[in-house]
Amino acid sequence: MEEAWGEAVNAMQSGEWDLIVLDEINYAISYGMLDPAKVVQALQSKPEQVHVILTGRNAHPTIVEIADTVTEMRQVKHAYEKGVMAQRGIEY
């Protein structure tokens, strides 16, 4: 996990990217695999032009506090309810 987090921090600081998506990182934080304070520090020290999207449920309160936008989604209807199994490229 630390190696992956290091890659994310390097990407944020590199200036090479305008947008970085840290998919499902909120789960890693909530499961205790990643310190939320490290994430907050990295987000606060990134270049202003770099936008970072953190996904996953139950964002840590410190992440919510510093975020510009927080969205909570809820399922209305899902193909799984009709027996359609997870599909590569859609659910994973």
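The largest nonpolar core has 17 residues, of which Trp5, Met12, Leu22 and Val39 touch the most other members. A nonpolar core is here a set of buried Ala, Val, Leu, Ile, Met, Phe, Trp, Tyr and Cys residues joined through side-chain atoms within 4.5 Å, and buried means under 20% relative accessible area, with exposed over 50% and partly exposed in between (1.4 Å probe, protein chains only). Two or more residues are given to this core by each of helix H1 (2–14), S1, H2 and helix H3 (36–45). Helices (H or I, at least four residues) and strands (E, at least two) are DSSP runs, numbered from the N terminus.

The model is predicted: local features need pLDDT of at least 70, side-chain atom pairs count only at pLDDT 80 or more, and totals for chains, interfaces and linings use all residues. Residues are numbered from 1 along each chain as its sequence is written, and side-chain values use heavy atoms, with hydrogens and water left out.

Contact means heavy atoms within 4.5 Å.

The protein as a whole has 4 helices and 2 strands, and from the N terminus on its elements run α-β-α-α-β-α. S1 pairs with strand S2 (residues 51–54) in the parallel sense over 4 bridges; two strands pair if DSSP finds at least two bridges between them. In this pairing, Leu19 stands opposite His51 in S2.

Helix H2 (residues 25–30) contains Asn26. This residue has a relative accessible area of 4% and is therefore buried. Leaving aside neighbours within four places in sequence, Asn26 is in contact with Leu54, Thr55, Gly56, Arg57, Ala59 and Ile63.

Some overall values complete the picture. Of the 92 residues of the protein, 21% count as buried, and the C-alpha trace spans about 45 × 25 × 25 Å along its principal axes. Among contacts between residues at least 6 apart in sequence, 67% join residues at least 24 apart.
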